[in-house]
Amino acid sequence: MLSLETITNNVHDWLNSHVSNTWATIIEMVIVGLLVIGLFAILGLILVLMERKVSAFMQIRVGPNRVGFKGSLQTLADTLKLVLKEGLTPKGADKFLFNLAPYIVMCAAMLILAPIAFANNFQIWDINIGVLYISSISSISVIGILMAGWASNNKYSLLGAMRSGAQIVSYELSAGFSVLCIVILTGSLKISDIINAQQNGWFIFKGHIPAIISFIIFIIAVTAETNRAPFDLAEAESELTAGFHTEYSGMKFALFFLAEYVNIFVVCAIGAILFFGGWMPLHIGNWHGFNHIMDYIPSSLWFMLKVFGLIFLIMWFRWTFPRLRVDQLLNLEWKYLLPLSLVNLLLMTIVAIMGWYF
Amino acid sequence: MFLKKYISEIWRAVKSLLKGMKLTGYYFTHHKEIITQNYPEVKQPLPERFRGEVVLIHDENNEHACTGCTACELACPNGTIKIITKFDVSAEGKKKKALDTFVYHLELCTMCNLCIEACPTSAIKMAQNFEHSVFNRNDLTKKLNKPGSKIREGVE
């Protein structure tokens, strides 16, 4: 059967038989880099279109419906427009930091893709501290945001960046605790181990109550970390025009925009790996016939299905809930989510020690 | 007691959030609820009293009812209308004031309807057309009386 695993293995064997090992590794790295950039471009186009369509239908509108079939080329046209626009650097801005910031945000988003398993044995880098790596890299993007806000020489940008900093630092805690709950169940930080442990059932079912609570906390925390409504205080159109990217235009703005959407994809992919078994098909206990049918669906399709399900959930949040105030935002984290996730961690530890999970 | 309040607060918050999500989820799955119309393809009938632009009413003989009295020009609060008059000489050799050009500056008009109310012979009215975009600003200055048109018999 043709799968992504066999394709990568064939490429690897072919390269090793034709050039030396060093060159084969270098060529593979270049191919992977190109694939990641390609994935970014495609994800940006698809997710922006999806967001606009979903928001339109939720607000009883039609949404983009002119360019291409039912508006399917709308985002391509938008990108073309952004490429043609002037990338303005304001007078009085710190030119070096101002121009560097979008690339740092972008690189942080790209780095997190490394340990994510897109399909069975299809992973860029199966590092043994995968989960730790993800949670540490995901906090780098706040540096880029702070840099953008500070270098812009604009009060709105600075306020937005500061809000974003406070928000990401606070919500990283509960996101980390909810990830820890799954690490307790698995006993490993390696992504492939976590996925393989979900062979006979996803963790959201296996870990029952504590897993469900930690999933809810995780989805709230990552919504805040990606600066999306109802936690979009960093941008807050009605208060800060556009927050930290007020002064950006053209392609530099597009990079921030793209990084935002890729971050959504990445956090949803992590959520899918930790709670919904990554590429693992849906298996129910001893129903061998059912399990067998589910195995026929390719693993990459399973992964994308779960990730896009979670992305839809996050979009659903965005277009339903009103934005929180800054004090409400911090109250929610420090008074509600953090105590809840600490208690939940304890509960999960008890469940894991007593073996109450299936 | 404190704990009870804390938990009931969380419960009420979650309930109201789910209520909102239920509504947006309903709209997402029921596309027949969509209230926007695809404008150039679907044109909604406009209300009868909609004011789009001022027109001078011409009948089938290319005759209008404007006597050139300039009541509309005087009534207009922002100088939208300019009436240029001429003198018609009748068969008996009598001079009579008549309309030469009815100049209408659409770009200045606020559709206030004062000119229509001021007109003693009901020669002008508000039309429904609202698609006024042009590439050249000068195109917005219009001449309302059609070429070769003249005043209807009997209108004083």
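Guide: Of the 358 residues in chain A, 48% are buried, a word kept for residues with under 20% relative accessible area, whereas over 50% is exposed and anything in between is partly exposed (1.4 Å probe, protein chains only). The model is predicted: local features need pLDDT of at least 70 and side-chain atom pairs count only at pLDDT 80 or more, while totals for chains, interfaces and linings use all residues. Residues are numbered from 1 along each chain as its sequence is written, chains are lettered from A and ligands numbered from 1 in the order in which they are written, and side-chain values use heavy atoms, with hydrogens and water left out.

Visitor: What makes chain A as compact as a globular protein of its length?

Guide: Chain A holds 15 helices and two strands, where helices (H or I, at least four residues) and strands (E, at least two) are DSSP runs numbered from the N terminus. Its radius of gyration, taken over C-alpha atoms, is compared with a globule rule of 2.2 Å times the number of residues to the power 0.38; the value is 21 Å and the rule gives 21 Å for 358 residues, so chain A is as compact as a globular protein of that length. Along the principal axes, the C-alpha atoms of chain A fill a box of roughly 65 × 60 × 45 Å.

Visitor: Why is helix H6 of chain A called largely enclosed?

Guide: Helix H6 spans residues 141-151, and eight of its eleven residues are buried, so the rest of the structure largely encloses this helix. Among the buried residues of H6(A) are Val142(A), Ile145(A) and Met147(A). These buried residues pack, in the sense of contact (heavy atoms within 4.5 Å), against helices H4 (95-112), H5 (130-137), H7 (155-186) and H12 (250-276) of chain A. After H6(A) comes Asn153(A), with a positive phi near 60°.

Visitor: Why is Glu239(A) called partly exposed?

Guide: Glu239(A) has a relative accessibility of 39%, and therefore counts as partly exposed. Glu239(A) belongs to helix H11 (residues 237-240) of chain A and, once neighbours within four places in sequence are left aside, is in contact with Tyr156(A), Arg163(A) and Arg323(A).

Visitor: Are Ile60(A) and Asn113(B) buried or exposed?

Guide: Ile60(A) has 16% relative accessibility and so counts as buried, and Asn113(B), with a relative accessible area of 17%, is buried. Ile60(A) lies in the loop between helix H2 (21-58) and helix H3 (74-84) of chain A, and its phi is near 55°, positive in a residue other than glycine. Asn113(B) lies in the loop between S4 and helix H3 (114-118) of chain B, and is likewise a residue other than glycine with a positive phi, near 75°.

Visitor: Which strands of the sheet in chain B are edge strands, and what makes them so?

Guide: Three strands form an open antiparallel sheet in chain B, in the order S3-S4-S6, and two strands count as paired if DSSP finds at least two bridges between them. Strand S3 (81-89) and strand S6 (141-143) of chain B are the edge strands, as each pairs on one side only. Neighbouring strands of this sheet are turned by 30° against each other on average, direction ignored; axes are lines fitted to C-alpha atoms (for helices, over the stretch in contact), and angles between N-to-C directions run from 0 to 180 degrees.

Visitor: How many bridges join S3(B) to S4(B), and how many join S4(B) to S6(B)?

Guide: Nine bridges join S3(B) to strand S4 (residues 95-105) of chain B, and three join S4(B) to S6(B). In S4(B), Phe102(B) is the bridge partner of Ile83(B) and Tyr104(B) stands opposite Ile81(B), while His105(B) has Thr141(B) as its bridge partner in S6(B). Five residues lie between S3(B) and S4(B) in their hairpin, and Gly93(B) in the turn has a positive phi of about 85°.
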